[in-house]
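Please take a look at the chain below. A short report on selected features follows.

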Amino acid sequence: MRALAAHPGYAATHLLSYGQTGRGTGGIASILNAVASATAQSADDGALPTLMAATADLRGGTYCGPSGFGQLRGLPRPVGSTRLARDPEAQRRLWEISEETVGLSWP
């Protein structure tokens, strides 16, 4: 079993407008959507790192994200992760919390 992770970078998904206004249309939401459309990559391109993590032959622990400046946009590639993400104790605790939350355990 392998565990991999991915992030979409900055993708135009309406998350910005919903997160700031609680809706996807109207005044500020329309402005935020226009800004995202002009500066972010498409939602389809934002899905590419997840598809890479799900289908590419990568070693466990690989983190996929966009290849461009600041990992905001671009074709997917393996990217770096934070020190906390690589911490074995934090990983173990996250796994335990996840098992407790869903009421399942892995042998």
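Arg93 is partly exposed, at 36% relative accessibility. The cut-offs explain the label: buried means under 20% relative accessible area and exposed means over 50%, so a value in between counts as partly exposed. The model is a predicted one. In this model the side chain of Arg93 forms a salt bridge with that of Glu96, at 3.2 Å from N to O. Arg93 and Glu96 both sit in helix 5. They are three residues apart there, about one turn of the helix. Salt bridges with shared partners link Glu89, Arg92, Arg93, Glu96 and Glu100 into one network.

Glu96 also meets Arg92 in a salt bridge, with an N to O distance of 2.2 Å. Arg92 and Glu96 are four residues apart in helix 5, so about one helical turn separates them. Glu96 has a relative accessibility of 27% and counts as partly exposed. Arg92 is partly exposed as well, with a relative accessible area of 38%.

What does the side chain of Arg92 form with that of Glu89? The two meet in a salt bridge, 2.3 Å from N to O. Glu89 and Arg92 lie three residues apart in helix 5, and therefore about one helical turn apart. Glu89 is partly exposed at 45% relative accessibility. The total for the model is four salt bridges. Why can such pairs form? Side chains of opposite charge can pair when their charged atoms come close.

Helix 5 spans residues 88-102 and includes Trp95. Trp95 is partly exposed, and its relative accessible area is 43%.

Helix 2 covers residues 27-39, 13 residues in total. From the first C-alpha to the last, helix 2 reaches 19 Å. That is close to the 18 Å expected at 1.5 Å a residue.

Which residues of helix 2 are buried? They are Ala29, Leu32, Asn33 and Ala36. Viewed down the axis of helix 2, these buried residues fall within an arc of 100°, so they line one face of the helix. The face turned away from the buried side carries exposed residues. These are Gly27, Ile31 and Ala38.

Three strands make up an open sheet, in the order 1-4-5, with mixed pairing. Strand 1 (5-6) and strand 5 (76-79) are the edge strands, and each pairs on one side only.

Strand 1 pairs with strand 4 (residues 63-66) in the parallel sense, over two bridges. Within this pairing, Ala5 has Tyr63 of strand 4 as its bridge partner. Strand 4 and strand 5 run antiparallel and are joined by four bridges. Here, Pro66 has Pro76 of strand 5 as its bridge partner. As a general point, side chains in a regular strand alternate between the two faces of the sheet.

## The loop between strands 4 and 5

Where is Gln71 found? Gln71 lies in the loop between strand 4 and strand 5. Its phi is positive, about 55°, although Gln71 is not a glycine. Gln71 is partly exposed, with a relative accessible area of 23%. The cut-off for a buried residue is under 20%, so Gln71 at 23% does not count as buried.

Key. Residues numbered from 1 in each chain as written. Predicted model: local features only at pLDDT ≥ 70, side-chain atom pairs only at ≥ 80, totals over all residues. Heavy atoms only, no water. Buried < 20%, exposed > 50% of the residue type's maximum accessible area, 1.4 Å probe, protein only. Expected span 1.5 Å × (residues − 1). Arc of directions from axis to C-beta. Pairing = 2+ DSSP bridges.
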